Amino acid sequence: MKRILLLTLPLLAACGPKYGMRVPGSLEKKLPYEARIELLEAENDLALAIDKVDEADNEIGRARDNIRRARSRQEAAEDEVDRATDEVSREVAKLAISEAEARVEYLRAKQRLSVGLREVEKLSLRCAFAKFELARLTAARKAKVAGSEKLEPKEFEAQVSECEAEVKEERAGLAEDEKEEKAAREAWEAKKTALAKKTFDARASPYVENL
């Protein structure tokens with residue numbers, strides 16, 4: 001874990017000046033063992049924030065793949081309409097088209113939300129980085145490491161507060177995307193239920209694919 005963080009910190013610092021105030025590495029090197037132990041919680045929080053960004057990226061990739069499959073199912077259902085030899089088969093195919101269209105709309109809405117959530121997680125990572133730097137400074141000053149007295153804790157505390165306030169604002173800004181995603185999912189669920197009832201009246205219908 002420590003090695004991952006050591007590799008990640010320079011990358012975070014290179015991402016830009018926003019919330020990028022750092023404690024010189026030379027100060028941490030002078031910390032006694034007991035003081036370094038106190039940094040473990042901040043390190044774990046930073047590692048967790050990194051994992052959340054990775055998961056947000058993965059979620060967007062999954063949504064993209066699901067959209068591709070949903071479009072393929074829609075095309076297959078459209079072909080079935082032309083091949084249907086009776087009214088029942090034709091109706092099932094039309095319901096399958098409707099379900100596939102609703103699925104695509106839902107997945108697109110979900111992807112938009114996922115993109116927004118990824119940006120929030122990226123910003124949250126900056127906050128975790130800022131908290132880690134504050135913890136480093138706190139530990140250095142507590143251990144009376146030479147040079148730490150030149151850094152102002154209030155500036156590092158302000159960096160954390162400003163970042164957390166921006167995360168809260170960004171997350172609140174996703175309310176409309178969350179609303180659209182929920183509505184699109186409910187619409188898809190309704191289409192899926194209608195298709196399932198028409199085909200063996202069961203959620204396990206071979207015509208219905210769960211995400």
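Glu 119 has a relative accessible area of 40% and is therefore partly exposed, where buried means under 20% relative accessible area, exposed means over 50%, and partly exposed lies in between (1.4 Å probe, protein chains only). This is a predicted model, in which local features need pLDDT of at least 70 and side-chain atom pairs count only at pLDDT 80 or more, while totals for chains, interfaces and linings use all residues. Residues are numbered from 1 along each chain as its sequence is written, and side-chain values use heavy atoms, with hydrogens and water left out.

**Salt bridges**

- Glu 119 forms a salt bridge with Arg 118, and the closest N and O atoms of this pair are 3.9 Å apart; a salt bridge here is a side-chain nitrogen of Lys or Arg within 4 Å of a carboxyl oxygen of Asp or Glu.
- Arg 118, with a relative accessible area of 22%, is likewise partly exposed.
- Salt bridges that share partners also join Glu 55, Glu 59, Arg 62 and Lys 110 into one network.
- Arg 62 and Glu 59 are separated by about one helical turn, because they stand three residues apart in helix H4 (residues 40–83); helices are DSSP runs (H or I) of at least four residues, numbered from the N terminus.
- The relative accessibility of Arg 62 is 38%, so Arg 62 counts as partly exposed.
- A further salt bridge connects the side chains of Glu 99 and Arg 103, at 3.0 Å from N to O, and both residues belong to helix H5, four residues apart, or about one turn of the helix.
- Glu 99 counts as buried because its relative accessibility is 1%, and Arg 103, with a relative accessible area of 2%, is buried too.
- Over the whole structure, a search finds 19 salt bridges.
- As a general point, side chains of opposite charge can pair when their charged atoms come close.

**The disulfide**

- The count comes to one disulfide, a disulfide being a pair of cysteine sulfur atoms within 2.5 Å.
- Cys 127 and Cys 163 form a disulfide in which the sulfur atoms are 2.0 Å apart, and the link of these two residues is left-handed, with -100° about the S-S bond.
- Because Cys 127 lies in helix H5 and Cys 163 in helix H6 (residues 153–172), the pair ties together parts that are 36 residues apart in sequence.
- Both Cys 127 and Cys 163 are buried.

**Helix H5 and its packing against H7**

- Helix H5 (residues 87–142) packs with helix H7 (residues 175–198) at an angle of about 160°, and their axes are 8 Å apart; axes are lines fitted to C-alpha atoms, for helices over the stretch in contact, and angles run from 0 to 180 degrees between N-to-C directions.
- That angle makes H5 roughly antiparallel to H7, since angles over 145 degrees count as roughly antiparallel, under 35 as roughly parallel, 65 to 115 as roughly perpendicular and the rest as oblique.
- The residues of the contact of H5 with H7 divide into 12 nonpolar, one polar and 14 charged, where Ala, Val, Leu, Ile, Met, Phe, Trp, Tyr, Cys and Pro count as nonpolar, Asp, Glu, Lys and Arg as charged, and the others, Gly among them, as polar.

**Lys 122**

- Lys 122 has its place in helix H5, and with 38% relative accessibility Lys 122 counts as partly exposed.
- Lys 122 and Val 167 are 45 residues apart in sequence, while in space they are 9.5 Å apart, C-alpha to C-alpha.

Note on methods. Helix = DSSP H or I, 4+ residues; strand = E, 2+ residues; numbered from the N terminus.
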